[in-house]
Amino acid sequence: MPQTAPQTSPRLPKGLANVVAIKPYVPGKPIEDVAREFGLTEIHKLASNESPYGPPPPAMAAYKKIADDLWIYPDNDAFRLTRKVADIHGVQPNQIIFGTGSSHLLELAARAFAGAGDEVVFPEHGFICYALFTQAAGATAVRVAEKNLTADVDGLLAAITPKTRVLFLANPNNPTGTMLDEEALRHLLDNVPSNVLVVLDEAYADYALIEGGVDGTELVHEYRNLLVTRTFSKAYALAALRIGYAIGSEEVVSILKRLRPPFSVSTPALVAAEAAIGDAAFISDVVRKNKVERDRMAKAYDALGVLACPSYCNFVLLDLAVTGKDPSELFVALQKQGIIVRPVKEYGLNTHLRVSIGLPTENDKVLAAIRSLL
Ligand SMILES: Cc1ncc(COP(=O)(O)O)c(C=O)c1O
């Protein structure tokens, strides 16, 4: 009889023992789940900040056209798309990296620049992935208190220690929807030590730019420790394809490229993104429609006595505290009416719900449903 070694579990490396404590990302509840649980056919998902206007038509055409070529590996260097993005932002092609969604690039940044014994700083209500990716890198998360649900630059600066390697900041931020102006952002960048990587997450920049939001990609020329991420998942409505990009210094980008698995971004994603980014008029229209609806909804929520946090995104964060309603109960009650929103307790926002901005008819339904439940 051959001797068998006693069974042991695969061991994590020393610096990564903490990953067992990671609470997996909780996505917006899928439409199919709600349909099954409540026996509904008409459901409106306003839980993941997806764009209800869909992608630009040329992106869908490009996606369908590529169906005949699925046997060919993607262009690992994203030659054509890289040049388009470089032209748009006025940067060199070697300052750009694509990933499977911008979250891929956030994860790469954390893994590349922070490890066991290092600290990663971000605002208290910063996008949840910052905490996940910090833990996954074996580093320690340092959460910094916000002011009025907005990142506090001086607080962030004060939290930086010799152990700090990365600082994450979403501008505007999810789930709060708030943003910093150029003066505040420059104050941060001027005072962060140059050996700390500042990852400026601009997933919602398309929505914020028409409100006078700062375009972080213009600042990469001035700050070599700045990495700006953008996504095709939100205003471009290509969330299912998983494609985003980061712009930074050639040095930082070249490190991320070394860590990214080959052929990460699929050809359907590349061609659809290329077509989408060429349809600026479509995106401007989406962003304008979103603003009209978001401002209308913010007023309507105020009239209901529900506090809507000022948002520069395609969602609003509602504070139900004054209504005395429990967000978890409202979340379930809304599902019974065919509406999926997002509780945000994992952000420490215990009296809040986040509601994406949908089509006008969907927004009317949400409003009527919330009104009926208050
Ligand atoms: C602030 C923020 N950053 C990044 C992302 C990641 O988006 P994706 O990986 O689809 O590009 C999201 C998605 O919700 C987000 O809200």
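In this predicted model, Ile 97 has Ala 246 of strand β8 as its bridge partner. The two strands concerned, β2 (residues 96–99) and β8, are joined by four bridges and run antiparallel. Strand β8 is also joined to strand β7 (residues 226–231), again through four bridges and in an antiparallel arrangement, and in this pairing Thr 231 stands opposite Gly 244 of β8. Within β8 itself, which spans residues 244–247, Gly 244 and Ala 246 point one way while Tyr 245 and Ile 247 point the other way, and all of these residues are buried.

Packing between helices was examined for α2 and α10. In general, two packed helices are described by the angle between their axes and by the distance between those axes. The axes of helix α2 (residues 57–65) and helix α10 (residues 267–277) come within 7 Å and cross at roughly 155 degrees. Because angles over 145 degrees count as roughly antiparallel, α2 is described as roughly antiparallel to α10. The crossing in which α2 passes α10 is right-handed. On the side of α2, the residues that take part in the contact are Pro 58, Ala 59, Ala 61, Ala 62 and Tyr 63, and these meet Pro 268, Val 271, Ala 272, Glu 274, Ala 275 and Ala 276 in α10. When the residues of this contact are sorted by class, ten are nonpolar, none is polar and one is charged.

Once its neighbours within four places in sequence are left aside, Ala 112 is in contact with Ile 255, Leu 256 and Leu 259. Lys 23, by contrast, is placed in the segment before α1 (31–38), and Lys 23 counts as exposed because it has 10 C-beta neighbours inside 10 Å. The C-alpha atoms of Lys 23 and Asp 190, which are 167 residues apart along the chain, are separated by 34 Å.

Notes: Residues are numbered from 1 along each chain as its sequence is written. This is a predicted model: local features need pLDDT of at least 70, side-chain atom pairs count only at pLDDT 80 or more; totals for chains, interfaces and linings use all residues. Axes are lines fitted to C-alpha atoms, for helices over the stretch in contact, and angles run from 0 to 180 degrees between N-to-C directions. Angles under 35 degrees count as roughly parallel, over 145 as roughly antiparallel, 65 to 115 as roughly perpendicular and the rest as oblique. A crossing is left-handed if the near helix is turned anticlockwise from the far one by less than a right angle, and right-handed if clockwise. Two residues are in contact if their C-beta atoms, placed from the backbone, lie within 7 Å. Ala, Val, Leu, Ile, Met, Phe, Trp, Tyr, Cys and Pro count as nonpolar, Asp, Glu, Lys and Arg as charged, and the others, Gly among them, as polar. A residue is buried if 20 or more other C-beta atoms lie within 10 Å of its own, exposed if 12 or fewer, and partly exposed in between; C-beta atoms are placed from the backbone. Two strands pair if DSSP finds at least two bridges between them.
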